[in-house]
Amino acid sequence: ILDFNTLANSTPKWSKIIKAFVQLPPEGVGINSFNINATKKSIDITGFSPTRELVIQLYNNILQDEENFYNIDYPLENVARPTEINFHFTFFIQDELLK
């Protein structure tokens, strides 16, 4: 049982990360992929937005959630078109969220 507890305690709590993230995308934005890199403590997302404004709102929502995430990139191709946007972002997970 000690081995199991040690392993369980050393494994990141993915549900906490997902729970923190699902509140951030604005209505109308779809997330197509959500990949967590446990080694780098990073998240890569791709998705679709009907408007540039919603992509910017998603970016701002992630940026403002400093308690859970930090260092989000800002690829300019995410805002190059005014509508029908396939976007991608990479950002990092605060250590506290992994506990």
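How many bridges pair S1 and S2, and in which sense? The two strands pair in the antiparallel sense over seven bridges; strands here are DSSP runs (E, at least two residues), helices are DSSP runs too (H or I, at least four), both numbered from the N terminus, and strands count as paired if DSSP finds at least two bridges between them. A quick word on the model: it is predicted, so local features need pLDDT of at least 70 and side-chain atom pairs count only at pLDDT 80 or more, while totals for chains, interfaces and linings use all residues. Residues are numbered from 1 along each chain as its sequence is written, and side-chain values use heavy atoms, with hydrogens and water left out.

Zooming out, four strands make up an open sheet in the order S1-S2-S4-S3, with antiparallel pairing. S1 and S3 sit at the edges, each pairing on one side only. Two helices lie across S1, S2, S3 and S4: H2 runs at about 145° to S1, and H3 at about 150° to S2. For these angles, axes are lines fitted to C-alpha atoms (for helices, over the stretch in contact), and values run from 0 to 180 degrees between N-to-C directions.

Next, the core. The largest nonpolar core has 22 residues, and those with the most contacts inside it are Ile 45, Ile 62, Phe 69, Phe 87, Phe 89 and Phe 91. Helix H2 (14–21), strand S2 (42–51), helix H3 (52–64) and strand S4 (83–93) each give two or more residues to this core. Such a core is a set of buried Ala, Val, Leu, Ile, Met, Phe, Trp, Tyr and Cys residues joined through side-chain atoms within 4.5 Å; buried means under 20% relative accessible area, exposed over 50%, and partly exposed in between (1.4 Å probe, protein chains only). Leaving out residues up to four places away in sequence, Ile 62 touches Phe 21, Leu 24, Ile 45, Phe 69, Ile 72 and Phe 91, where contact means heavy atoms within 4.5 Å.

The aromatic rings come next. A search of the whole structure turns up seven aromatic pairs. Phe 21 and Phe 34 form a tilted one, 5.0 Å centre to centre with 45° between the planes. This pair links helix H2 to strand S1, 13 residues apart. Phe 21 is buried at 4% relative accessible area, whereas Phe 34 is partly exposed at 25%. Phe 69 and Phe 91 make an edge-to-face pair, at 5.3 Å and 85°. Phe 69 lies in strand S3 and Phe 91 in strand S4, so the pair ties together parts 22 residues apart in sequence. Rings of Phe, Tyr and Trp (its six-membered ring) pair if their centres lie within 6.5 Å; planes under 30 degrees apart are stacked, over 60 edge-to-face, and the rest tilted.

Ser 42 is buried, because its relative accessibility is 4%. Lys 41, in the loop between strand S1 (30–37) and S2, counts as partly exposed at 30%. Its C-alpha atom is separated by 8.7 Å from that of Phe 91, 50 residues away along the chain.

Most residues other than glycine have a negative phi. Asn 71, however, has a positive phi of about 55° and is exposed at 54% relative accessibility. Glu 84, in strand S4, also has a positive phi, near 55°, and is partly exposed at 42%.
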